[in-house]
Amino acid sequence: MGVVERKLRDLEKIKLQIIEQSWLIVEEEGWQALSIRKIADAIEYSVPVIYKHFENKDAIIAYFTRQGFAMMAEQLASAVDLNKSADDNLYNIATSYWKFALEHKKCYEIMFGLGIPQCEVVNSIKEMKATSTVMLTCISKCITENNVDQIDLYLKFKTFWSILHGIITIEFLSNQKTNPEEVSPILTDAIQGFIISLKHHNN
């Protein structure tokens with residue numbers, strides 16, 4: 001192995017250490033406790049070494065945010081069954097969202113630390129856009145299958161995401177231990193009501 005390859009390997013090793021230690025801090029103390037100094041002390045490197053890989057704490061949080069949305073997009077997409085109606089798939093997406101949030105609570109907290117991201121942010125980050133696309137596509141199919149006219153797709157999309165995020169946030173604030181496989185009856189009721197609202201939009 002040449003000198004350049006060895007240096008690149010060592011740099012990658014340090015970056016992985018930074019990521020792993022950052023996640024340990026997040027899991028043990030919460031993402032608000034994350035700091036460059038704390039990471040440097042934990043991996044026994046100087047602060048400037050951390051800055052070679054991440055320009056600041058926000059850059060590390062952005063890394064975990066992109067990673068989280070990539071995982072979420074994959075999980076939501078896997079909940080879609082092309083042999084089922086769009087209504088059924090929208091409900092499946094909602095329950096998959098619930099399970100993801102509860103199974104990856106710390107990651108979800110980082111992803112939504114400032115609430116649901118604005119459209120311009122979503123569209124500028126491919127991992128976020130992949131997540132929103134799964135939801136938007138399914139809602140659009142619901143509208144088509146139910147022959148709904150004169151409806152604001154993006155308003156319905158924001159409403160759908162707000163329902164999911166709101167119920168998840170309330171669940172987190174309750175501090176109760178919840179089984180991800182046991183979908184909240186509140187979520188079930190809310191999503192069923194949302195689907196019904198799409199069907200009867202013209203009435």
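1. Overall make-up. This is a predicted model, and its chain comes to 10 helices and zero strands, so that the order of elements from the N terminus reads α-α-α-α-α-α-α-α-α-α. Taken along the principal axes, the box filled by the C-alpha atoms is roughly 70 × 40 × 30 Å. Of the contacts in the chain with a separation of 6 or more, 72% are between residues 24 or more positions apart.

2. Surface and burial. Buried residues account for 40% of the 203 residues in the chain.

3. The largest nonpolar core. In soluble globular proteins, nonpolar side chains tend to be buried together. Here the largest nonpolar core has 39 residues, and those with the most contacts inside it are Met 72, Leu 90, Tyr 97, Tyr 108 and Phe 160. At least two residues of this core are supplied by each of α4 (57-78), α5 (86-103), α6 (105-111), α8 (126-145), α9 (153-174) and α10 (185-199). The largest share, nine residues, comes from α5. Apart from this core lies another, of 20 residues, which includes Trp 31, Val 47, Ile 61 and Ile 110.

4. The surroundings of Met 72. Once neighbours within four places in sequence are left aside, Met 72 is in contact with Tyr 97, Phe 100, Tyr 108, Met 111, Phe 112 and Thr 131. Two of these partners, Tyr 97 and Tyr 108, are also listed with Met 72 among the residues that have the most contacts inside the largest core.

5. A buried lysine. What is the nearest side chain of opposite charge to Lys 156? Lys 156 lies in helix α9 and is buried yet has no salt bridge, the nearest side chain of opposite charge being Asp 152, 9.4 Å away. Not counting residues up to four places away in sequence, Lys 156 touches Ile 139, Ile 151, Phe 194, Ser 197 and Leu 198.

6. Thr 188. This residue has its place in helix α10, and Thr 188 counts as buried because its relative accessible area is 17%, under the 20% cut-off. Its contacts, leaving aside neighbours within four places in sequence, are with Tyr 91 and Val 183.

7. The chain has 21 positive and 26 negative side chains, with the centres of the two sets 6 Å apart. Side chains of opposite charge can pair when their charged atoms come close, and the count of salt bridges in this model comes to four. One of them joins Asp 10 and Arg 9, at 3.9 Å from N to O; Asp 10 is partly exposed at 35% relative accessible area, and Arg 9 is likewise partly exposed at 47%. Another joins Lys 38 and Glu 29, at 2.9 Å from N to O, where Lys 38 is partly exposed with a relative accessible area of 29% and Glu 29 is partly exposed at 45%.

8. A pair within one helix. Arg 37 and Asp 41 meet in a salt bridge at 3.6 Å, N to O. Because Arg 37 and Asp 41 are four residues apart in helix α2 (residues 36-43), about one helical turn separates them. Arg 37 counts as exposed at 52% relative accessibility, whereas Asp 41 is partly exposed at 49%.

Definitions and conventions
Residues numbered from 1 in each chain as written. Predicted model: local features only at pLDDT ≥ 70, side-chain atom pairs only at ≥ 80, totals over all residues. Heavy atoms only, no water. Core = buried A, V, L, I, M, F, W, Y, C linked by side-chain atoms within 4.5 Å. Buried < 20%, exposed > 50% of the residue type's maximum accessible area, 1.4 Å probe, protein only. Contact = heavy atoms within 4.5 Å. Lys, Arg positive; Asp, Glu negative; His and termini not counted. Charge placed at Lys NZ, Arg CZ, Asp CG, Glu CD.
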